[in-house]
Amino acid sequence: MEWSDVRVFLAIARSGTLGGAARALRLSHPTVGRRLRALEEATGQTLFQRTADGFVPTEEGAAIIPLAEQMEEGALAMERRLAGQEQKLQGSLRISSADWFGAYVLPPIIDSYAKAYPDVDLEILTGTRLFSLAQREADIAFRIVPFDPPDVVQRRLMRLPYGVYVAADAPEPVFGDGAGFRLITHDTSTGQFPDIEWLGKCFPNARAILRSNNRNVQGRMSAQGVGIAVLPRPVGDQMSDLRRLKLPEEPPGREIWMGYHRDLKRLNRLRAFITAVTDHLAKARFDREN
């Protein structure tokens, strides 16, 4: 039994399809199918029932999922431990963050780091999905909430201010009213956003017309004149066709947390990147006046 085949088995169990497993493992669809057949032949068991809705573990397949996960954790722990002992400033570094953080906060940091360490290959993964540090889907992550796993070394980087924006040529809405204006809000399916709740309370007579889970989309829509948006200051302040409103009170900001797996704490290219991040943010002023 090959560990690589067990890894494929887990990916299929988690995604429910060969295609989903192939994307997760960055393998081809035929390779995933071939690995599954090899594992089933090695065990002498049918591990999945093929249905119209996808691959469903059989009784035999479901019984070995916990054992396969133990194998996975052991293999990943070995990989992290060996990676953490790598002292050369070369190799790859995978960074996870929200889309707006990757687009508006990280670029100058990445530019400085890439110039200083040209042999390190960087990859930035953005979106709403929380990539796993334990499974090495990412080496370091930036989030607006603390990390839960106990094996993550985390640090509160800063409190990031937010602002309220309209199109540069839009009229001024009345604070506490908002009649005649529209609001651009956030998709709350992945959690609650204090700034969005605050926006509705401050402009109670404005109509919420659009929701998006992407801060860049919210900013572009606001710049187009669709409505009022509340955005992280690094996003809104860098859009020249937006105007930040001067209000009696500002929307609540959010904490920015940085985390990485403890097994990588001695990885030099990661430590150098952390230094680049902290040095840049120590000098940055996201709350300055426009």
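**Close-up 1. Buried residues of helix H7 in the predicted model.** Helix H7 spans residues 194-202. Its buried residues are Asp195, Ile196, Trp198, Leu199 and Cys202. They cover an arc of only 160° around the axis, so they lie on the same side of H7. An α-helix has 3.6 residues a turn, so residues three or four places apart point the same way.

**Close-up 2. Packing partners of H7.** The buried residues of H7 pack against strands and a helix. The strands are E7 (162-167), E8 (182-186), E10 (228-232) and E12 (254-261). The helix is H8 (215-223).

**Close-up 3. Crossing of helices H1 and H3.** Two packed helices are described by the angle between their axes and the distance between the axes. Here H1 covers residues 3-15 and H3 residues 29-43. Their axes come within 9 Å and cross at roughly 110°. The two helices are therefore roughly perpendicular to each other, because angles of 65 to 115 degrees count as such. The crossing of H1 past H3 is left-handed.

**Close-up 4. Residues in the contact of H1 with H3.** H1 contributes Ser4, Asp5, Val6, Val8, Phe9 and Ile12. From H3 come Val32, Arg35, Leu36, Ala38 and Leu39. By class, this contact has 8 nonpolar, 1 polar and 2 charged residues.

**Close-up 5. Ala63 in helix H4.** Ala63 sits in H4, which runs over residues 59-84. Its relative accessibility is 52%. Ala63 therefore counts as exposed, since the cut-off is over 50%. Tyr162 is 99 residues from Ala63 in sequence. In space, the two are 49 Å apart, C-alpha to C-alpha.

Note on methods:
Residues are numbered from 1 along each chain as its sequence is written. This is a predicted model: local features need pLDDT of at least 70, side-chain atom pairs count only at pLDDT 80 or more; totals for chains, interfaces and linings use all residues. Side-chain values use heavy atoms; hydrogens and water are left out. Axes are lines fitted to C-alpha atoms, for helices over the stretch in contact, and angles run from 0 to 180 degrees between N-to-C directions. Helices (H or I, at least four residues) and strands (E, at least two) are DSSP runs, numbered from the N terminus. Angles under 35 degrees count as roughly parallel, over 145 as roughly antiparallel, 65 to 115 as roughly perpendicular and the rest as oblique. A crossing is left-handed if the near helix is turned anticlockwise from the far one by less than a right angle, and right-handed if clockwise. Contact means heavy atoms within 4.5 Å. Ala, Val, Leu, Ile, Met, Phe, Trp, Tyr, Cys and Pro count as nonpolar, Asp, Glu, Lys and Arg as charged, and the others, Gly among them, as polar. Buried means under 20% relative accessible area, exposed over 50%, partly exposed in between (1.4 Å probe, protein chains only). The arc is that of the directions from the helix axis to the C-beta atoms.
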